[in-house]
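The following note sets out some points on side-chain packing and strand pairing. Please read it alongside the coordinates.

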Amino acid sequence: MRQAEKFDAVVVLANLMDAQGVLNDESRERMVTAVRALKAGMAPLILACGWPYRDDSDLAIADAMASFATEELQVDSDKVLVERTSRDTVGDAVFSKRNFAIPFGWKRILTVTSSYHQARTLAIFSFVYGPSFHVVVKGAKSDTNASFAASEAKSLAAFHSTFNGIEAGDDVAILDRLRTAHPFYNGAIYSPI
C-alpha cells in the first residue's frame, strides 16, 4: 500500500471486549492502527463494526471501539461511525457496504483487522463489495501461530461454501444467502436477521 493512497473510510473490525466494554489487546491494536491511518490523512472517517454479542452486556462492541477511539486516542467523535448489526467478518462486509458505503457513495475502503486475519478479510470484503469498489486490508500487529492459520483456512472454506454460486458484489443474493445459510444470521446460533 502506497502512503499516498487515499480512501473514503477506514472500516475497523472488532475482536473482543469485557462486559464493561473494555477492549482486549487485539481490538485495541486494530483501532490504534485505524486511527493512525486517519491521522495520516488516508481517510476522513473510521467505521467501527460489531454487535452487542455478550450475554452479560447490552453494549455493542462497535460502541466500545468508538469510545476507545474518542476517549483514549483523542479522535473527534464526528469522525467515528458505528455499525452494530454485524456479527462476524462477513457481516462486517455486508453491513458496512449496505448501511454506509452505498448510502454515502464510498468507493475506496481501507479495512483494518489483525495481521493473521488479513487474507480472509480481503477475500470476504472483495467478494461482498465487488469489482466496482477498491478494497485494501491493513493488518494490525497481533499474535499468530499455526492454529490461527488453520482456523482462518477453515473459516475461509466455510465462507466459500456458503456463498458458492453467487457473483461478487451481488448485494441481493449475498444478503439473502447470509439470512438463509449463515448460522450467525439464520437463527441456527443467534436470532435471525
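1. F125 touches V11, L13, T89, D92, A93, S96, T111, G130 and V135, leaving aside residues up to four places away in sequence; contact means heavy atoms within 4.5 Å. The model is predicted: local features need pLDDT of at least 70, side-chain atom pairs count only at pLDDT 80 or more, and totals for chains, interfaces and linings use all residues. Residues are numbered from 1 along each chain as its sequence is written, and side-chain values use heavy atoms, with hydrogens and water left out.

2. F125 belongs to helix α4 (residues 118–129), helices being DSSP runs of H or I of at least four residues and strands runs of E of at least two, numbered from the N terminus. With a relative accessible area of 0%, F125 is buried (under 20% relative accessible area, 1.4 Å probe, protein chains only). Its C-alpha atom is separated by 12 Å from that of I174, 49 residues apart along the chain.

3. Helix α4 forms a right-handed β-α-β unit with β4 and β5; right-handed means that, with the strands pointing away from the viewer, the path from the first strand over the helix to the second runs clockwise. β4 and β5 (residues 134–140) pair in the parallel sense over 7 bridges, where pairing requires at least two DSSP bridges. H134 in β5 is the bridge partner of R108.

4. The largest nonpolar core has 30 residues, of which V10, V12, M31, I46 and M65 touch the most other members. Such a core is a set of buried Ala, Val, Leu, Ile, Met, Phe, Trp, Tyr and Cys residues joined through side-chain atoms within 4.5 Å. Its largest share, 7 residues, comes from α2.

Technical notes:
Buried means under 20% relative accessible area, exposed over 50%, partly exposed in between (1.4 Å probe, protein chains only).
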